[in-house]
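Q: Please take a close look at one part of this model. How is the packing there arranged?

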Amino acid sequence: MTDHTPEVIVHQSGSTPARRTLFGYRTGDHARLDAVQNAISAVCAVIAGAAIVVIAALTTVEVATRTFFDTPLGWNVGFVEQYLMMAVAFFGTVTAYRTGAHVAVVTIFEKTPEPVRKLLLVLAYLIILVGLALLIYSGTRAAHFSFITDEMPPPGMAELPWPTWWWKTIIPVAAALGCVVVLIDLYRELTAPLTRVVTDYEPCLSVEGA
């Protein structure tokens, strides 16, 4: 037997009091901005979720037709790779950002004073925005080139005969939606006092015990 009390991990609120919802957070000071961010997150979640459902359905149909009828679909591979997986990856990333679903190690972050945490958050938002801006730029250029050249899969290929620019617009559209969500967080931090962090929604963990 031992007299030591076992360590217990306790969930605590983040720097900003916020209520977690299915598609994001709700705070008490920026209800309209919360609504905009959560609405964008919800739209992206529906798109990504629907894409996952269609992938599962197409996989089931492909297995059935290949096994029982020896007639594989063929077109499903390109459709999944070009449309559905792209939708899951890029639209899903927007929802993951807004809901705090990304893996993060915040041990050092939580031990720094408020002004330092604020600076780190602003720097993180700027880096994310630069990455999203590059995705918008390169994705728009690629989609525009496909559009003006009327790029399509060659005749006789297993892919669906749809214009290539359709699926190439997924990246810039998702990145643009992500930019709006991140810009709102950046705006909140820049307009708040230097000594106050206002976008640290995610609950932190502390260890209690003797």
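A: Start with the angle terms: over 145 degrees counts as roughly antiparallel, under 35 as roughly parallel, 65 to 115 as roughly perpendicular, and the rest as oblique. Angles run from 0 to 180 degrees between N-to-C directions, and axes are lines fitted to C-alpha atoms, for helices over the stretch in contact. The model is predicted, so local features need pLDDT of at least 70 and side-chain atom pairs count only at pLDDT 80 or more, while totals for chains, interfaces and linings use all residues. Numbering runs from 1 along each chain as its sequence is written, and side-chain values use heavy atoms, without hydrogens or water.

The chain has six helices and four strands. These are DSSP runs (helices H or I, at least four residues; strands E, at least two), numbered from the N terminus. The order is β-β-β-α-α-α-α-α-α-β.

Now the pair to look at. Helix 1 spans residues 31-69 and helix 2 spans residues 75-99. Their axes come within 8 Å and cross at roughly 150 degrees. Helix 1 and helix 2 are therefore roughly antiparallel. Their crossing is left-handed, meaning that the near helix is turned anticlockwise from the far one by less than a right angle. Their contact holds 19 nonpolar, seven polar and three charged residues. Here Ala, Val, Leu, Ile, Met, Phe, Trp, Tyr, Cys and Pro are nonpolar, Asp, Glu, Lys and Arg charged, and the others, Gly among them, polar.

For the wider setting, buried residues (under 20% relative accessible area, 1.4 Å probe, protein chains only) make up 35% of the 210 residues.

Conventions: Buried means under 20% relative accessible area, exposed over 50%, partly exposed in between (1.4 Å probe, protein chains only).
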